Amino acid sequence: MEPFAMIEKTNAPAVEGLFTMDLHEPRLLGTRCRACRTYFFPAERTFCRNPACDHSDFEDVRLSPTGKLWSFTSANYKPPAPFIAKEPFEPFAIAAVELEEEGMTILGQVADGLGVAALKTGMPMELVLRELYQDEEHVYYTWNWKPIHGGSDA
Amino acid sequence: MSKDVAVLGAGMHPWGKWGQSFVGYGVKAAQDALKDAGVEWKDIQLVAGGDTIRNGYPGYVAGATFAQALGWSGAKVSSSYGACATGAQAISVARANILAGLCDVALVIGADAAPKGFFAPTGGRRPEDPDWLRFHIQGITNPTYFGLYARRRMEVYGATPQDFAAVKVKNSRHGLHNPNARYRKEVTLEEVMSSAVVADPLHLLDICATSDGAAALVLSSMDFARKHTTHPVKISAVSTVTPRYPNDIIEMPNLATDSKAGVGLPEIGFKESIAHGAYEEAGLGPEDMSVAEVYDLSTALELDWYEQIGLCPPGDAERLLRDGDTSLGGRVPVNPSGGLACFGEAVPAQAIAQVCELTWQLRGQAEGRQVEGAKAGVTVNQGLFGHGSSVICTV
């Protein structure tokens, strides 16, 4: 007799507008200047940051879901708020991934508790969504990077 | 027109965790700088404060806070912030006023009382603030960036964690006799390597602590200085450059770099451009430097700076360190003060403290850590969001 325990929590992004809430094929949401073709993540909608471009006309774009590992590190101690850490805290790895098409490098935690021993610079990585934290009504998600299966020596 | 201003006086409050207000630290450093200069507080025409953002409203208006504490005198005031580069902003304001002839003598002060552990953003939900966003959505702290750069050195240049640890060993020796340093104890390679890994490949002893501390300078026109001293140390250049677009190296506190898809990379990267700007202004080059104070937030970052300030080509920093070139007694000692490794970071004081050290080095007063015959020195530092900071001192 615990009726409330049966209520399913709603999936939600931890911050709106950064990625599609698609658990299977997520994409980061950016913008691209229609004049100089420069990409922005997070999305830029007000002014183009290219100093040689004075346009302010942007298209919404979904960034490439895969890239190459530029560098990586780990967080062995619990980051302070506004990070909401799982208790007990479990160390995680962090990846910097280069997206070729967009010509930019994007940071993110490495998914599924994979540590630095599983990582190698240059290896292909893909975007996934993972739970960041929960409250009583929602499960909040963020993006992570994950080595593409079998790609460790690529 | 000469771009030189004189450093008439330098003073510090020792770094540590003293549990007091940043105001008192700043006043102590200012009083020492005034005494060193032989100038009285009532004669100071401009107070340039470096702000601290962790000590409430008085910290945001640090210039006035210090002026009030020293006793209202009617002096002009300035308060500026540039994260780790705050001190260079304050120095730049004072220097520009002096060079423009708007004042003859100025007092520059930076002080901080720092929290324990990781620096974290201020409160509230602010998704549009990259500093808030990186903590909240990915748990990315400052050491994350230090770890990424260190791993990159290993991948690109074959650096090892032992190379990084050797920077700490060197700096701990340099700082042994520095009365203003917080950590005055020799550290061994084994101690660094056996300290806990914080941000792989960096250990606890590879990463600088956060400290309380204060530093102050009395700056004046060369004409004013001649009435007080014969051969003053001079500030010959101050570089406060921003990056050029696009910056393809991931920088604190961002989650993404600029895109290079639409625009080609600039001729010079941001970190390389910082000291470059100072060399150009001074009409000097890296080969003219006898000493350098660089911002060793991590041991591996000190190695990056060797290359970025032109002491050696990219990839040669480990060799420079191993050959002893950057140790006291070597070709161009780096961080003879002991650097952040021995001080810990007192954010708004740090860039000013670097100039204090160069002043003492160029006067031959750096007891126990003197670079013999030092004639010119360079500082370099970088503040969050793109504040370059580099000062060249000559004598």
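Strands and contacts in a predicted model

Tutor: Chain B holds an open sheet of nine strands in the order β3-β2-β4-β7-β1-β8-β11-β10-β9, with mixed pairing. Strands here are DSSP runs (E, at least two residues; helices are H or I, at least four), numbered from the N terminus. The model is predicted, with local features needing pLDDT of at least 70 and side-chain atom pairs pLDDT 80 or more, while totals for chains, interfaces and linings use all residues. Residues are numbered from 1 along each chain as its sequence is written, and chains are lettered from A in the order in which they are written.

Student: What makes β3 and β9 of chain B the edge strands?

Tutor: β3 (76-80) and β9 (291-294) of chain B each pair on one side only.

Student: How do you know that β9(B) pairs with β10(B)?

Tutor: Two strands pair if DSSP finds at least two bridges between them. Four bridges join β9(B) to β10 (residues 376-383) of chain B, so the two count as paired, and they run parallel. Within these strands, B:Glu293 stands opposite B:Thr379.

Student: At what angle does helix α10 of chain B run to β11(B)?

Tutor: Helix α10 (residues 270-282) runs at about 35° to β11 (387-394) of chain B. Such angles run from 0 to 180 degrees between N-to-C directions, with axes fitted to C-alpha atoms, for helices over the stretch in contact.

Student: How many residues of chain A are in contact with chain B?

Tutor: Contact means C-beta atoms, placed from the backbone, within 7 Å. By that rule 41 residues of chain A touch 35 residues of chain B. β7(A) gives the largest share of chain A's side, six residues.

Definitions and conventions: Two residues are in contact if their C-beta atoms, placed from the backbone, lie within 7 Å.
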